[in-house]
Amino acid sequence: MEPDKKNIHDLVVVGAGPAALSAAIYTCREDIDTLLIEKGAIGGLAAVTDWVDNYPGFAKGIAGLNLSEEMRKQAERFGAKFELDEVLKISIEDGLHRLKMHGGDVYAKAVLIATGSDYRKIGVPGETEFYARGVHYCATCDGAFYRDKKLVVVGGGNSAVQEAMFLTKFASHIDMLVRGPSFRASEVLQHELNNHKDKITVHFNTTTDEIVGAEGKVTKVIGTDKTTNQKKEFITDGVFVFVGLDPNSGFLVGSGVELDEFRFIKSDIRLMTNVPGIFVAGDVRSGATMQIASASGEGATSALMIREYLNEMNREGTSSVKIEQ
Amino acid sequence: MAKNITIYTTNTCSYCVMVKRWLGSKGISYEEVNLEQYPDRQAEALSMSGALTVPITVVTKNDDSKEVIVGYNLARLAPAIA
């Protein structure tokens with residue numbers, strides 16, 4: 001069956017976080033017909049980040065939600081179109097990329113995958129059972145339910161430290177369980193954490209083994225002190241988990257797009273995957289630095305590469321081309 | 001068609017702002033229950049959604065049936081208010 005011409009776009013961007021929005025600002029500004037498809041929130045994880053201090057151009061910092069809103073408005077100013085749906089599968093049909101969604105199919109000459117990543121689960125007993133009823137992954141969303149209560153924060157990276165400090169606005173005390181012997185968070189954040197010593201107790205070399213509850217509520221976390229191999233119990237009302245990010249790449253199974261061992265998408269130096277015409281930018285890309293500024297930069301880079309790819313397609317009169325490196 | 005809409009929120013929840021802005025952009029009015037301001041209504045939100053999280057949007061339809069949407073989920077919210 002011939003693709004419906006109304007559903008053919010020069011570029012379809014899967015995702016609507018900083019990488020996707022930056023790419024759309026560039027492509028729409030150059031009159032490249034661009035459709036963004038987002039299944040969750042425009043702005044991605046950046047939109048639920050309480051405060052962004054290291055994005056250039058904002059001397060005093062900016063709320064993640066406001067930064068995302070400004071990016072969306074800028075993309076819309078140049079004509080970016082958004083569709084709220086989920087891409088289920090990508091395949092090639094008649095030389096075009098076919099994106100299957102709940103609401104029907106769209107076709108694209110080029111595709112940019114900018115689906116980002118999502119908070120990683122720890123995979124211990126009790127985590128699923130108490131999900132959103134004592135186990136949480138978004139401090140700005142759910143922290144307020146723990147006013148004057150005890151919390152456990154799991155993780156030792158930037159997100160864990162930043163969100164633990166945010167949670168001190170509400171919680172009476174926080175136990176931070178860090179698997180390693182030290183933080184992976186930046187020195188700046190570790191220094192800031194020192195200002196919250198009255199409310200946060202850090203437990204290094206401590207694994208999180210089980211989340212225990214009764215009558216539908218979390219009551220404690222059981223961990224192990226790796227230096228002594230002794231079990232430890234942390235009495236708590238809730239658990240916030242920040243142990244890293246997993247790529248949103250599940251929909252690419254069977255697409256031919258090559259993933260690395262952790263399911264991040266591999267790309268060449270022009271941010272094109274092994275499938276001609278499918279590009280990748282932002283947190284979902286293998287080797288990404290998981291920073292909003294980096295994602296925006298990659299979005300801009302991918303847009304320029306996509307423009308080159310589409311120009312080459314038009315010159316060649318072919319449906320897909322391989323850009324020479 | 002929705003008879004009325006209630007959104008349970010907290011002060012710092014970005015997804016709550018997104019839901020409110022989206023409804024506002026459609027010219028749809030709603031009642032907001034800020035669970036920090038009214039902590040005594042947290043149990044009501046929990047019993048309705050089964051989740052201690054926000055936003056929780058409760059759409060009451062013309063036949064008085066209710067649809068409860070947890071999170072910023074426009075794929076569910078859009079048909080619920082149609």
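Student: How do you know that the span of helix α1 of chain A agrees with its residue count?
Tutor: This is a predicted model, and the check uses its C-alpha atoms. Helix α1(A) covers residues 18-29, which is 12 residues. The expected span is 1.5 Å times one less than that number. That gives 16 Å, and the end C-alpha atoms are 16 Å apart, so the two agree.

Student: What makes α1(A) mostly covered?
Tutor: A residue is buried if 20 or more other C-beta atoms lie within 10 Å of its own. In α1(A), 11 of the 12 residues are buried. They are A:P18, A:A19, A:A20, A:L21, A:S22, A:A23, A:A24, A:I25, A:Y26, A:T27 and A:C28.

Student: What covers these buried residues of α1(A)?
Tutor: The cover includes strands β1 (8-14), β2 (34-38) and β6 (104-113) of chain A. Helices α2 (64-77) and α6 (292-316) of chain A are also among the covering elements.

Student: What follows α1(A)?
Tutor: A:D31 does, with a positive phi near 65°.

Student: Why are α1(A) and α2(A) called roughly parallel?
Tutor: They pack at an angle of about 25°, with their axes 8 Å apart. Angles under 35 degrees count as roughly parallel. The pair is therefore roughly parallel. The crossing of α1(A) and α2(A) is left-handed.

Student: Which residues make that contact?
Tutor: From α1(A) come A:P18, A:L21, A:A24, A:I25 and A:C28. From α2(A) come A:M71, A:R72, A:Q74 and A:A75. By class, the contact of α1(A) with α2(A) has seven nonpolar, one polar and one charged residues.

Student: Why is A:A132 called partly exposed?
Tutor: Buried needs 20 or more neighbours, and exposed needs 12 or fewer. A:A132 has 18 C-beta neighbours inside 10 Å, so it counts as partly exposed.

Student: What class does A:I269 fall in, and why?
Tutor: The cut-off for exposed is 12 or fewer. A:I269 has 8 C-beta neighbours inside 10 Å, so it counts as exposed. A:I269 is in the loop between β16 (245-247) and β17 (278-280) of chain A. A:I269 and A:S302 are 33 residues apart in sequence and 10.0 Å apart in space, C-alpha to C-alpha.

Student: What makes the peptide bond from B:V54 to B:P55 cis?
Tutor: Its omega is near 0°. B:P55 is found in the loop between α2 (42-49) and β3 (56-61) of chain B.

Student: How many residues of chain B are in contact with chain A?
Tutor: 18 residues of chain B are in contact with 19 residues of chain A. On the chain B side, α1 (14-25) and α3 (74-81) each supply at least two residues. α1(B) gives the most, with four residues. By class, that side of chain B has 11 nonpolar, six polar and one charged residues.

Note on methods: Residues numbered from 1 in each chain as written. Chains lettered and ligands numbered in written order. Predicted model: local features only at pLDDT ≥ 70, side-chain atom pairs only at ≥ 80, totals over all residues. Contact = placed C-beta atoms within 7 Å. Axes fitted to C-alpha atoms, helices over the stretch in contact; angles between N-to-C directions. Parallel < 35°, antiparallel > 145°, perpendicular 65-115°, else oblique. Left-handed = near helix turned anticlockwise from the far one by under 90°. Nonpolar A, V, L, I, M, F, W, Y, C, P; charged D, E, K, R; others polar.
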